[in-house]
Amino acid sequence: MVSSRSIDCAYVALPHFQSSDIVKKLLSSKIHVIKEKPAAMTAAELETFQDLAKSNSVTFNTASQFRYSEQVQQMKEWLPLIGKVRFAEGINTLSVPDLGAGWRASKVLSGGGVLIDLGWHLVDLVLTLLGDGTIPVTEYAKLSQTRLLQAYDCEDTTRAVLNIHNSKLAAVNDTITCNIFMTRLGPTKMSQLTVYGESGSIRLENDFVELKLTDRSEKMEFEGSPSSFEHMMRKFHTRVSKPPQARESHSQSCHDLVTMRTIDNIYSAGGACRPTVANDDKVRISSDTHSARDLSFHWPPVDETSLRAVRDQMKESVSIYDNGGIFGKFEEAWREYHGTPDSFALLHNSGTNALQSLYFAAQLQPGDEVIFPVYSFHATSSPAMQFGVIPVFCDASDDGNISPEAIQSSITSRTKAVVVTHMWGIPCNMKEICRILEQYPDIMLLEDCSHAHGAKIEGQLVGTFGDAAAWSLQGQKIISGGEGGITLTKDSNIFHRQLIWGHYNKRCKAEIPGDHPLRSFSLTGAGAKNRAHPLGVALAYTQLRRLDSILRFKALYAFQMASRLRSIPFLKVPDIASLGEGQTEPAWYAFVFRFIASQAPDGLSRESFVDALHERGLCEVDIPKSTGLLHQEPLYTTPHELFPHLYAKDSTESLQKDIDFPVAQSFYDEAIKLPVWTARSDQAVVDHYMDVICDVARTKLGCSSETEMSSLRPSSG
C-alpha cells in the first residue's frame with residue numbers, strides 16, 4: 001500500500017507486536033507517523049524511531065493527546081497560584097475482569113503490562129506539568145501480578161516514587177516528590193493527579209479540575225472537554241508544516257524520550273524484565289541460536305506468587321500433624337474442585353505412596369489378582385506388589401490407555417480390583433470400563449490420575465468414576481509441589497484405612513470415629529508415614545487455584561501442535577476431533593505423537609529424527625523410555641526374590657512375561673513426547689518448536705514447502 005499510493009501521514013494504533021515493524025516501514029517510506037501511546041517499548045526503540053524520522057525528513061509523533069487537553073492547560077495556568085510545589089500524587093486505574101483475555105495479557109504481544117500501558121499516560125502527564133526536561137530519579141518501584149486464577153505474564157499493578165527536579169516550581173535545592181499508582185484491578189476507570197504546593201492544591205480527576213488555596217474558603221473549578229484529539233491534531237499539523245530543520249528541535253521528541261527513560265527506570269528499580277521489543281532477537285524466538293533455557297519447559301513455576309506462598313508457609317509452619325492449615329485448605333479445595341464436597345481427600349508425600357495407601361485400603365491379599373495397564377509408569381502397579389497380589393496386565397487401545405476389551409477378557413473369579421491410568425492426560429474410556437464393571441460389583445475400580453489433573457469426560461472429572469483415585473503432585477505434574485500426592489474417595493472406610501496406613505497419631509485420633517475397628521491403632525498406625533510437606537503443598541496450592549487457566553492454555557497449544565504436526569506424513573498425532581466428539585477434555589500432561597517408520601524416508605528412524613531436532617535446539621523433544629511395558633520387569637517376573645514371604649518361586653510361573661501386547665508395544669516403540677506449555681507468554685516457544693519440527697521433516701522428505709509435505713500424507717492418516 002505504501003509503495004502504490006501517495007500517503008503523507010499515518011496513524012498507527014496496533015498492538016506492539018504488529019506496530020513496531022510497521023512504524024519503521026512507514027518512516028523509511030518518508031511518511032509522517034502518529035503512533036498511539038506508548039511511543040515505544042523502550043527508550044532505545046524510541047530513539048530508533050526518532051533517528052529514522054530524522055534521516056527521512058519526516059516526523060514521529062506520539063498520540064499522547066491528554067497533554068494537549070483543556071484540563072492540562074488549565075492546570076498549567078493555575079500552578080503558580082499554589083506556590084512552590086512540594087508533592088504530587090497520581091493514580092490511573094482500569095477495571096479489567098479477565099486479565100488473561102486479549103493481547104494485553106502477554107508481553108510477547110503487548111510489549112508490557114500496566115506500566116507501559118496506563119503508565120505512559122500518567123508519567124507523561126506528571127512530566128508535562130512538573131518536569132523540566134530532565135529525567136526524574138526513581139526512588140522506589142514495585143510491580144506486581146495479582147490474580148492467580150488468570151493466565152497473563154505482565155504486571156497488573158505498579159507503584160513508584162519519583163523525585164522530580166524543577167527549579168522553577170520546587171523550592172530552592174529541593175525536588176518534587178511524586179507518588180504514582182496504576183492498576184488494572186480498580187473498581188472503575190479513573191485518572192487522577194493532585195499537586196500540593198505551599199499555598200494550596202490542584203486536583204485533576206478525569207475531565208474535572210479543582211483548585212483549593214489555603215487562604216481562601218472557596219475553591220475554583222473547571223470542567224474541560226472530554227476530547228482533546230482535535231487539539232493534538234492541530235499541533236501535529238503545525239509541526240509537519242514546518243521545514244525539516246525546524247522540526248528537529250521540536251520539544252515533543254525530547255519530552256517523549258524523557259518519559260520513556262523514566263518508564264525504563266521504573267522497570268529497572270522494580271526488578272522487572274523490560275517489556276518485549278518486537279525486533280529484539282534476544283527476546284523473540286526467531287532462530288536456532290536461541291538459548292536452551294528459553295526453549296526449556298520450566299515447571300512448577302518459580303514466580304513471585306509461588307515464592308510468596310512458600311515464604312508465608314515457612315513463617316506459619318513447616319510440619320503439620322493433622323489436617324489444619326494448608327493441608328485442610330488444599331484438601332477442601334480438591335474436594336470442591338472435583339464437585340464432591342462430601343468426599344474424603346487425603347494428602348500424601350508422593351503419588352506412589354498415595355496409590356500404596358489405596359491398595360492397603362482395598363485390603364488386597366496375597367494371591368488376589370489386580371488388573372493393570374501394561375503400558376504405564378511402574379508406580380501404577382509396583383506398590384501393590386508389597387501386598388502379594390498377582391498383577392494381570394492388559395494391552396492398550398490405540399491412544400495408549402488400557403483397553404476395555406482387554407479388561408473384560410482378563411477378569412476371573414480371583415480379580416479383586418481394576419486399576420486404570422489416564423496416560424499422558426488423555427482419559428481412559430471410562431464409560432465402557434464402568435459398563436463392564438457394573439457386571440462385577442465386588443471388583444473395585446481405582447484410578448491413577450497422576451497425568452490427568454482436571455481432565456474430563458462429558459463434564460465429569462477423572463478421579464470420580466471409581467471407588468477411589470490417586471494423583472501425583474511430583475516433578476512436572478500439572479499440579480506440583482516438587483513431591484507429593486493426593487487421594488479422593490467417597491468411601492469412609494477407604495479413607496480411614498489410608499489414615500491408619502500413613503497418618504498416625506493426631507490425624508487418626510481426630511478423624512477416625514471412636515467406634516471404628518481401627519481406632520485403637522491411631523497412635524502407631526500401620527508403621528508407615530505418608531504425611532506431605534507443607535511447603536510443597538503450599539506451592540501446589542498456587543497451581544490448583546489457577547488450574548482451569550493452565551488447562552485452557554494446554555488445550556490451546558495441544559490443538560496448535562496437532563494442527564501443525566498433522567502435515568508431516570510420518571507422524572501420527574492425537575485425534576483431537578474425535579476427543580471433542582466424545583466430549584473428552586484431556587489435561588495434556590504431555591503431547592505424545594507417534595513416528596510411523598513405514599511412512600518415513602529411507603534411513604530416517606525415530607531416534608535419528610529426534611537427534612536432528614536436538615541438534616536444532618529443541619531440548620524438550622523426548623523418547624519416553626522410562627514409561628513402557630511392565631510385564632517383563634523383574635519386579636513382576638521374579639517377585640519372590642524381593643518378597644520371599646509373599647511369593648513362592650513357583651508362583652511366578654503364571655505371570656505374563658511371555659505374553660505379547662502388540663498395541664501397547666507399537667505405541668511404546670513409536671512414541672515421541674513434548675511438554676505442553678501453560679501460559680500465553682509461551683506462544684512464541686510453541687511456534688518455534690512447531691516451525692523447527694516441520695522444517696526438519698520437510699528437509700528430510702525433500703519438500704520445498706509444508707503444503708507439498710502435507711500432500712504426501714496418506715489419505716487415511
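This is a short walk through a predicted model of one protein chain, from its overall make-up down to a few residues.

Hi everyone, and a quick word on ground rules before the tour. Because this is a predicted model, local features need pLDDT of at least 70 and side-chain atom pairs count only at pLDDT 80 or more, while totals for chains, interfaces and linings use all residues. Residues are numbered from 1 along each chain as its sequence is written, and side-chain values use heavy atoms, with hydrogens and water left out.

Let's start with confidence. The chain averages a pLDDT of 88, and 88% of the residues score at least 70; pLDDT is the predictor's confidence in each residue, from 0 to 100. Please keep an eye on residues 273-289, where the pLDDT is below 50. That stretch still has 45 contacts in the model beyond near neighbours in sequence, a contact being heavy atoms within 4.5 Å.

Now the overall make-up. The chain has 23 helices and 26 strands, taken as DSSP runs numbered from the N terminus (helices are H or I, at least four residues; strands are E, at least two). Of its 717 residues, 55% count as buried. Buried means under 20% relative accessible area, exposed over 50%, and partly exposed in between, with a 1.4 Å probe and protein chains only. Among contacts with a separation of 6 or more, 71% are between residues 24 or more positions apart.

On to the cores. A nonpolar core here is a set of buried Ala, Val, Leu, Ile, Met, Phe, Trp, Tyr and Cys residues joined through side-chain atoms within 4.5 Å. The largest one has 114 residues, and F330, F591 and F609 have the most contacts inside it. A second, separate core of 60 residues includes V72, I180, V195 and L257.

What does F330 touch, leaving out residues up to four places away in sequence? The list is L347, L473, I479, I486, V537, A540, Y541 and L544.

The axes of α10 (residues 325-337) and α16 (residues 534-544) come within 9 Å and cross at roughly 35°. Axes are lines fitted to C-alpha atoms, for helices over the stretch in contact, and angles run from 0 to 180 degrees between N-to-C directions. The crossing is left-handed, that is, the near helix is turned anticlockwise from the far one by less than a right angle; clockwise would be right-handed. By class, this contact has 11 nonpolar, no polar and 1 charged residues. For the classes, Ala, Val, Leu, Ile, Met, Phe, Trp, Tyr, Cys and Pro are nonpolar, Asp, Glu, Lys and Arg are charged, and the others, Gly among them, are polar.

Our other pair is α3 (residues 70-78) with α5 (residues 114-130), packed at about 35° with axes 10 Å apart. Here the crossing is right-handed. V72, M75 and K76 of α3 make the contact with L125, T128 and L129 of α5.

T138 sits in strand β5 (residues 137-144) and is buried, at 17% relative accessible area. Y267, in helix α8 (residues 251-269), is buried too, at 1%, and its C-alpha atom is 7.6 Å from that of A141, 126 residues away along the chain. And S711, buried or exposed? S711 is exposed, at 54%, in the segment after α23 (706-710).
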